[in-house]
Amino acid sequence: MVTAKAWVLKKHFEGFPKTSDFDLKMMELPNLKDGELLLESVFLSVDPYMRPYSQRDMKEGDIMIGTQVARIVESKNPAFTVGAFVVARSGWRTHFISDGKDLQHFPSNWPESLPRSLALGTVGMPGLTAYFGLLEVCKVKPGETVLVNAAAGAVGSVVGQLAKIGGCKVVGCAGSDDKVAYLKKIGFDEAFNYKTVTSLDEALRKASPDGYDCFFDNVGGEFASIAINQMKKYGRIAVCGAISQYNVSVPQKGPYMQVPMIFQELQMKGFIVTRWNNRWEEGLKALLKWVVEGKVKCHEHVTEGFENMPTAFIGMLKGENIGKAIVKV
C-alpha cells in the first residue's frame with residue numbers, strides 16, 4: 001500500500017492566493033488492477049492558468065489541477081515499463097494510479113543530457129502555447145515587429161525566441177532588471193522594465209517607433225490598453241493570458257479598445273493551446289529540435305520539495321521566476 005500526498009484547494013482564492021488556501025492531505029492508494037500503473041511525480045508544474053481555472057472548474061476540497069513529469073514505479077499495463085518517464089495531468093500529488101490513457105510518452109529522441117523537466121516548459125505546454133499562438137494566431141512573417149509582455153516567463157521567453165527564428169524584430173517587457181538582462185541574453189532586440197519606465201507609452205514608442213505588427217499578450221489590463229494604440233495597420237493580437245487581472249477582486253474598467261481596432265483594422269483573438277491537440281507532436285518535435293540545436297534557450301526556476309508547492313505557485317504569480325517555474329519533488 002502506497003501513501004500519496006496531495007495538495008487540495010481548501011478555500012477558493014479571494015484576491016491573491018495565500019498558503020492558508022491550501023491543505024496537504026495524505027491518502028492510501030489501492031493495489032493495482034490489470035491495465036493500471038502506479039506513478040511517482042518527479043517534477044511538477046506551477047502555471048498562471050491554475051488561478052482562473054481553479055475558480056471556474058474546481059470545488060473546495062478538490063486536488064489542485066496541474067501537470068507533472070512522473071516515473072512509473074509499478075505496472076500492470078504492457079504498454080508502460082517500470083522506470084520509464086511520462087507527462088501526466090494528475091494535479092498536485094506525489095503518487096497516483098493511471099490506466100495509461102491520460103499519459104504522454106517522452107519522444108524517443110529525447111537526449112539523456114536534457115532535463116526531463118523541460119517537458120513541463122519549453123518542450124511542453126508553455127512552449128506549444130508560444131508555438132501555436134505565434135504561428136497560427138499572430139501568423140508572423142519575416143521582417144515584422146513582435147511585442148510580447150511577461151516576456152521572461154515560461155511562454156513569453158519562448159515567443160520571443162521563436163519570433164527571432166522566424167526573422168522578426170522582437171520587443172519584450174518584464175518586471176525586473178534581471179529579467180530584462182535575460183531577455184537581451186536570449187536575443188530580444190529591445191527589452192525594458194515596465195516597473196521603472198516613466199511612461200509605458202513612451203517606452204513602447206522608443207523600442208519600435210514604427211509600431212508593432214504582432215502583439216502576444218500575456219498580461220491584459222492597462223498594458224494592453226496602451227499597447228493597442230501602437231499597433232500597425234492590420235496588426236494581429238494574440239490574447240494568451242491576462243495575469244494582471246487574475247487576482248483582482250473588483251473588476252477593472254476600460255479604457256476601451258474598439259476605436260484603435262476599427263481605425264487600424266486590427267485582429268484580436270483569444271486562444272487556448274488545447275485547440276491544437278491534434279498537432280502537439282508536430283509542435284513538440286520542432287521545439288525539441290530547436291532546443292537541441294541551441295536556437296531556443298531554456299531557463300528554469302526550481303523550487304525543491306513537494307511541501308513547497310503553494311509557495312512556488314504564489315511566487316510564480318508574483319513574478320519571482322525567470323523562465324519556467326517548477327517544483328522538484
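Modeller: Let's begin with the elements: helices (H or I, at least four residues) and strands (E, at least two) are DSSP runs, numbered from the N terminus. This is a predicted model, in which local features need pLDDT of at least 70 and side-chain atom pairs count only at pLDDT 80 or more, while totals for chains, interfaces and linings use all residues. Residues are numbered from 1 along each chain as its sequence is written, and side-chain values use heavy atoms, with hydrogens and water left out.

Colleague: Good, then let me try one residue. Where is the place of valine 123?

Modeller: Valine 123 sits in the loop between β7 (104-105) and α2.

Colleague: Is valine 123 buried or exposed?

Modeller: The scale is relative accessible area: buried is under 20%, exposed over 50%, and partly exposed in between, using a 1.4 Å probe and protein chains only. Valine 123 has 3% and is buried.

Colleague: Which residues is valine 123 in contact with, leaving aside its neighbours within four places in sequence?

Modeller: A contact means heavy atoms within 4.5 Å. With those neighbours set aside, valine 123 touches Trp110, Leu118, Leu284, Leu288 and Val291. For a sense of distance, its C-alpha atom and that of glutamine 264, 141 residues along the chain, are 35 Å apart.

Colleague: On to charges. How many salt bridges does a search of the whole structure find?

Modeller: We look for a side-chain nitrogen of Lys or Arg within 4 Å of a carboxyl oxygen of Asp or Glu. The search of the whole structure gives 19 salt bridges. One of them joins glutamate 136 to arginine 279, with 3.2 Å between the closest N and O atoms. Glutamate 136 belongs to helix α2 (residues 125-138) and arginine 279 to the loop between β13 (267-270) and α8 (280-293), so this pair ties together parts 143 residues apart in sequence. Glutamate 136 is partly exposed at 24%, and arginine 279 is partly exposed at 24%.

Colleague: Which residues are linked with Glu136 and Arg279 in a network of salt bridges?

Modeller: Lys139 and Glu282 join Glu136 and Arg279 in that network.

Colleague: And which residue forms a salt bridge with glutamate 144?

Modeller: That is arginine 236, with the closest N and O atoms 2.7 Å apart. This pair also links distant parts of the chain, 92 residues apart: glutamate 144 is in the loop between α2 and β8 (145-148), and arginine 236 is in strand β12 (residues 231-239). Glutamate 144 is buried at 9%, and arginine 236 is buried at 10%.

Colleague: Now the sheet, please. What order do its six strands have?

Modeller: Two strands pair if DSSP finds at least two bridges between them. Here the open sheet runs β10-β9-β8-β11-β12-β13, with parallel pairing. β10 (190-193) and β13 are the edge strands, each with a single partner, so one side of each lacks a neighbour in the sheet. From one strand to the next, the twist averages 15 degrees. Looking inside the sheet, strand β11 (residues 212-217) pairs with β12 over five bridges. Phenylalanine 215 faces isoleucine 237 of β12.

Colleague: Which strands does helix α4 lie across?

Modeller: For directions, axes are lines fitted to C-alpha atoms, for helices over the stretch in contact, and angles run from 0 to 180 degrees between N-to-C directions. Helix α4 (residues 177-185) lies across β9 (169-174) and β10, at about 175 degrees to β10. Helix α5 (residues 200-207) packs on the sheet too, touching β8, β9, β10 and β11, and its direction makes about 165 degrees with that of β10.
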